[in-house]
Amino acid sequence: MTNIIEVSNLTKQYQGNYAIKSLDWRVGGGSIVGLIGPNGAGKTTLLRALLGLTHSEGTLQVMGKDPRTERHQLMQDVAFIADTAVLPRWLRVDQLISYVEGVQPKFDRAKAERFLDQTSVGPKARIGTLSKGMMVQLHLALTLAVDARLLILDEPTLGLDILYRKQFFDQLLNDYFDAERTIVISTHQVEEVQHILTHFVFLKNGEMLMNAPMTALEDRFVEVHALGENAALVNRLRYFGSRHILGGQAFIFDSVPRHELEQYGACHTPAISDLFVAAMAGGVR
Ligand SMILES: Nc1ncnc2c1ncn2[C@@H]1O[C@H](COP(=O)(O)OP(=O)(O)OP(=O)(O)O)[C@@H](O)[C@H]1O
């Protein structure tokens, strides 16, 4: 599998503070990577660096090109969601579609219209009269209709209701994604996106705490629900994270065989959100 993104020692500072710090990262073609981190973790900065929208230091290759010097060529093969506030409010939806069709050779008008048919955004509506969520729906429909090898989405479903969020992720997986494409998606809504991801990255304070395939959740981590006195016993072991549950504590272990833990309580594969919280709290103790 060829790498679509190759980053090494990538660093970005704002006024002496690190927004991203010495990142090493590879993304193989045909993957859907979730970039997950708390506010201020550096997600947007990293995505902007990949798009050549911000100055950064270190080695950076996106589809074999350096976005800082070859942005124009790179953008032929990349689609991304910028801030929806950039949509021209005075145009009608159909006029905007015609405009995008004129400037973006890889734009498929019929596809955009099909995506929009599933929303309440009408073709004759003036963009300025759309609600915030409808504006995002329009923006997503335009972006998904671009035949790009790399799709970069920064919090794409912010401001959308849960019904549309689910629909969007389904469309992304079923109508957009194929083995020729790669998607990098930053989000806070970990649970909603996890079923479409092939890989996840946890980012905190500009550093990568974890970068793993989704299969690692099942292969590497085990969560044991220790009730009553068992909780005290498990507390003495070397675990990755813990949280209180009714009548006891849930502990997440990294690379400990499940059969060694079953004596303490029921064992499960942890939810990615619980693993994320444990990683943010510092991981192994
Ligand atoms: N233009 C800027 N000038 C100064 N500091 C900035 C600028 N942009 C980002 N930062 C800082 O860089 C760090 C990373 O910000 P970034 O926006 O990349 O985080 P994020 O993970 O996308 O956060 P959020 O989830 O809140 O959008 C933060 O400390 C932020 O204050």
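Predicted model: local features only at pLDDT ≥ 70, side-chain atom pairs only at ≥ 80, totals over all residues.
Residues are numbered from 1 along each chain as its sequence is written. Local features need pLDDT of at least 70 and side-chain atom pairs count only at pLDDT 80 or more, while totals for chains, interfaces and linings use all residues.

Student: Which helix gives the most to the shell around the ligand?

Tutor: The ligand is surrounded by residues including Tyr14, Asn39, Lys43, Thr44 and Thr45, where a residue is near if its C-beta atom, placed from the backbone, lies within 6 Å. Helices are DSSP runs (H or I, at least four residues) and strands are E runs of at least two, numbered from the N terminus. With 3 residues, the leading contributor is helix 1 (residues 43-50).

Student: At what angle do helix 4 and helix 5 pack?

Tutor: The contact uses Ala112, Phe115 and Leu116 of helix 4 and Leu138, Ala141, Leu142 and Leu144 of helix 5, contact meaning C-beta atoms, placed from the backbone, within 7 Å. Axes are lines fitted to C-alpha atoms over the stretch in contact, and angles run from 0 to 180 degrees between N-to-C directions. The axes are 8 Å apart, and the angle is about 150°.

Student: Which strand gives the most to the side of domain 1 that touches domain 2?

Tutor: The domain assignment, automatic or from a database, gives domain 1 (3-213) and domain 2 (217-280). Their contact takes 10 residues from domain 1 and 6 residues from domain 2. Helix 7 (190-193), strand 8 (199-204) and strand 9 (207-213) each supply at least two residues of the domain 1 side. The most, 3 residues, come from strand 8.

How values were computed. Contact = placed C-beta atoms within 7 Å.
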